[in-house]
Amino acid sequence: MSTARTRTLLFLAPGLGWLALFMLVPVGIVIADSFFQRGVYGGVVYTFTFENFARAFDPLYAGVLLTSAKIAGLATLAAVLIGYPAAYAIARGPKRRQPLLLFLVMLPFWSNYLIRTYAWIVLLNREGLLNQGLRVLGYEGEPINMLYTDATVVVGLVYNYLPFVILAIYASLSRLSGDLWEVSSDLGASPFDTFRRVILPLSLPGIAAGAVFVFVLSIGNFVTPDLLGGGRVQMVGNLIYDQFLSARDWPFGSALSFLLIGIMMALLFAQALVVSRSQGEHHG
Amino acid sequence: MAQITRALAGTALLTLAFGGPAAAQSLVISNWDGYMPEDLLDRFTEATGIEAELSVHATNEEIMGRLVAGGGQGFDVVFVSSPFAEALHALGLTAELNHDLIPNAANLYAEAQNLEYDPGNTFSMPYAWGTTGLCYRADLVDEAPTSWDDLLDPPESLAGEVTMLSTDRWLMAAGLLALGYSVNDTDPAHIDEARDLLISATDTLLAFDDTTFYSRLVSGEASLAHAWDGWCNYGTAEDPNILFVVPEEGSDLWVDTMVIMASSENQEAAHAFLDFVLDADNHRWVAENILYKVPNEAAMAGLDPALVEAFPNLGMTPAELLAMEQLRDLGEAQRDYTRAVTEIMAAQ
Amino acid sequence: MADATAPPAPARRRRPVGLRVLRGHLWLVYGFLYVPIAVLVLLSFNRAGLPTAWGGFSVHWYGELAANTAIQRAALNTLIVAVSSTLIASLLGTLLALAVERRQRRSGLLDAVLFAPMIIPDIILAIALLSFFTLMRVTLGLHTIVIAHVVFNIAFVCAVVRTRLKHFDYAIVEASIDLGAGEFTTFRRVTLPAIFPGVLAAALLAFTLSVDEFIIAFFTAGAGQSSTTLPMQIFSMIRFGVTPEINALATIVMLVSFTVLFTAQRMNRGVIGADA
């Protein structure tokens, strides 16, 4: 017994040690820094203050947080609305073809994130393919600015994270027993009723997992707003980046990071609730 | 298990071999991408026998962040704009320059040896200098722009075809100059005023762009860009319809400098590099390649007149440049500028 | 088509229409996912200097790429970082997974620590590590990028291997030990082969994540080209102007990732998706 125990500890120690030293301690430093003052040219002056948090709730920065939440929320909504029917179509397709269909969904994810984002710059550019296509179709007005708007950023986020949503929802749909689809309609329920009363509730954990995933990755995103926002879309990730590079205000950047971590933890907690609720309803 | 052990040992070796602190023989020089002739470092090695490698940064802010974070470790020579050089100096990160090792400093214009941010070039050597203004496609605008107002409040026909610099100092300068204030103004009321003006200007903006505006002008995606003089020349080189103008309200004089990091273990080699650049022929080669003015009298004297004809802003004299206002570091007030810029970006 | 003996519930007759709409939607989704990539690949063979307007077929930009030593250096750096961080994370993550799955008691705190690296925004991990290394006066370089990448890779490896272990029957371990095999022999002969496909899948995921990662590398990289990774190079290329050279580089990078993926898929059928 005690050797097994020793072995468990031996197995745990290196990995946990790594995470403790290179994740928990650094995040701890960030949290600590958020209560200190900045140096004139960067760095941290170790004088205690709440000022960074007071600033974070200043309408300006709170507004950036809200914009980020709005953009992340829209991306989440769009990804779920587009991803759900796609996952549903795969789950209801022939069993034999499902792995291939799923593989095709996941394939783009294995290419570089920057490249996937860059592809949209090429497409949406003012002189880009979409505008050229419009011109071919007879559109004669000024080329349309499709880049550098909130909407472009949302499109970029959906594009990058849609595969995960489909995968998460598919995972929960594929777990439903095949009979379930039949039984309900045999009992006289319309397809819509079957969907609304049986399938949808049962796939809720998948939706929650996918949605939280997109939201969390979107709200802290830096690359997409930076490249597709053309400097005109400011999200909290960019704000944190700016504090560390251009503003030379590490403590304030740390405070913003601390808030972002708080928001995420609240969301994950909510998601865990959804999952445990739905498990409670159907299994307990 | 043996395999895993071997793999781990291999990894450790790899990491040590490639990841450890750079060996001391080779100079690490950080410059903006494309801001020196591609063969300059090879020429330097050929002339002095000193190996040098180039590291690129996209913005002053980026390299500042890196230098402040790491105490300058790993870098020997860094190219930054004058206010940033001033800040690095205030942080104690720059080395005191030994002029005995840089005899070519005598090639600099007298004006360039006594600039406000570093009189006597004690911690920085000027590499290129110029001003900021408007870069436009003469064939796409109805009327040539002449004023900062043309940038901030362009005619209807230019809506969505204008880009502006997003870097704190230059973005704010556009607003401050349009209002008749100093580019180094620290009065919070003036900063707020400039901010509001710039926010209203974002309505007609295509994008903030510090790096690719000239290619947008060439492709026709943009018609008017807030630009540094030398970088506008990149556009002119591809399309002669692209012209540069200094707005009538005036503008700033910026100086891009070379500084040696105090932490550098290759002080002598670093000095040799500065001296190499300031050599008349080498610095002329720089000017011809990057199409920016260099503050080197001997180099500019040898500049091909055809270039000045093709790119008129290369012909601006030191006296004309000195008539502009010199950019200075703002110290504490930098925070107000950063905040104002964040507000501009966040206000959509 | 449906068997005639089934009761002709109206629902049954209508469902195929709904499914057909759904399938149409699925194809649109594939279009959405693949058209941008296809356009990028197509434009990499564009002769014109502008990345967006077609000027005839050419492999000119691939030639430019072959001559670009900075990119080759960056690709090598990326490989070093990805291989190192994958090896370390695969080892530590697998050990973690084994230990965690064998524990009787579930610990919420432990689960949280193992989950956190997967969802913490990259930018936060990036600045946290930068602050940490700065405070500890660690010289930045490729080794600091490896350290950083191992952090999130441990978590992903551990998660993937744990899914595999959920279906693992510990009775065979007991049986092996009962039969007189030592702990180590049991591990090598019984446990490891059983979980190996999972470890391989995990390593593949870790490798891809590391090759792909930009912002953490950006903040934890040291001076000079000796610690510039490919994503950092790509980012600065995009920042500095959209040229067909990026299209060509993008095409090659995608080709390499997809080749690795297909090979892995053939070696271990069903790795992708099923375990993710």
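The model discussed here is predicted.

Q: Which term describes how α3(A) and α7(A) lie to each other?
A: The axes of α3(A) and of helix α7 (residues 150-174) of chain A cross at roughly 40° and come within 6 Å. Angles under 35 degrees count as roughly parallel and 65 to 115 as roughly perpendicular. The two helices, α3(A) and α7(A), are therefore oblique to each other.

Q: In α3(A) passing α7(A), is the crossing left-handed or right-handed?
A: The contact of α3(A) with α7(A) contains 24 nonpolar, two polar and one charged residues. As for its hand, the crossing in which α3(A) passes α7(A) is right-handed.

Q: Which element gives the largest share of the side of chain A that touches chain C?
A: Between these chains, 63 residues of chain A are in contact with 69 residues of chain C. Elements that give two or more residues to the side of chain A include α1 (2-33), α3 (59-92), α9 (191-219) and α12 (250-283) of chain A. The largest share of that side amounts to 15 residues, and the element that supplies it is α1(A).

Q: How many residues of the side of chain A that touches chain C are nonpolar?
A: The side in question belongs to a contact of 63 residues of chain A with 69 residues of chain C. By class, the side of chain A has three charged residues and 12 polar ones, while the number of nonpolar residues is 48.

Q: What percentage of the contacts in chain C between residues at least 6 apart in sequence join residues at least 24 apart?
A: Chain C contains 11 helices and zero strands, and its pattern along the sequence is α-α-α-α-α-α-α-α-α-α-α. Of the 276 residues in chain C, 47% are buried. Among contacts between residues at least 6 apart in sequence, the share in chain C that joins residues at least 24 apart is 78%.

Q: Does C:R137 count as buried or exposed?
A: C:R137 is placed in the loop between α5 (122-135) and α6 (142-166) of chain C. Most residues other than glycine have a negative phi. The phi of C:R137, however, is positive, near 55°. Because C:R137 has 9 C-beta neighbours inside 10 Å, and 12 or fewer is the criterion, C:R137 counts as exposed.

Q: Does B:N121 count as buried or exposed?
A: B:N121 lies in the loop between α4 (82-90) and β4 (125-137) of chain B. Its phi is near 50°, a positive value in a residue other than glycine. The cut-off for a buried residue is 20 or more other C-beta atoms within 10 Å. Because B:N121 has 21 C-beta neighbours inside 10 Å, B:N121 counts as buried.

Q: Which element gives the largest share of the side of domain 1 of chain B that touches domain 2 of chain B?
A: Chain B is divided into domain 1 (2-129 + 254-311) and domain 2 (130-252 + 326-346). Their contact takes 18 residues from domain 1 of chain B and 16 residues from domain 2 of chain B. On the side of domain 1, the elements that give two or more residues are α4 and β4 of chain B. The largest share of that side, four residues, comes from α4(B).

Methods
Residues are numbered from 1 along each chain as its sequence is written. Chains are lettered from A and ligands numbered from 1 in the order in which they are written. This is a predicted model: local features need pLDDT of at least 70, side-chain atom pairs count only at pLDDT 80 or more; totals for chains, interfaces and linings use all residues. Two residues are in contact if their C-beta atoms, placed from the backbone, lie within 7 Å. Domain bounds come from an automatic or database domain assignment. Ala, Val, Leu, Ile, Met, Phe, Trp, Tyr, Cys and Pro count as nonpolar, Asp, Glu, Lys and Arg as charged, and the others, Gly among them, as polar. Axes are lines fitted to C-alpha atoms, for helices over the stretch in contact, and angles run from 0 to 180 degrees between N-to-C directions. Angles under 35 degrees count as roughly parallel, over 145 as roughly antiparallel, 65 to 115 as roughly perpendicular and the rest as oblique. A crossing is left-handed if the near helix is turned anticlockwise from the far one by less than a right angle, and right-handed if clockwise.
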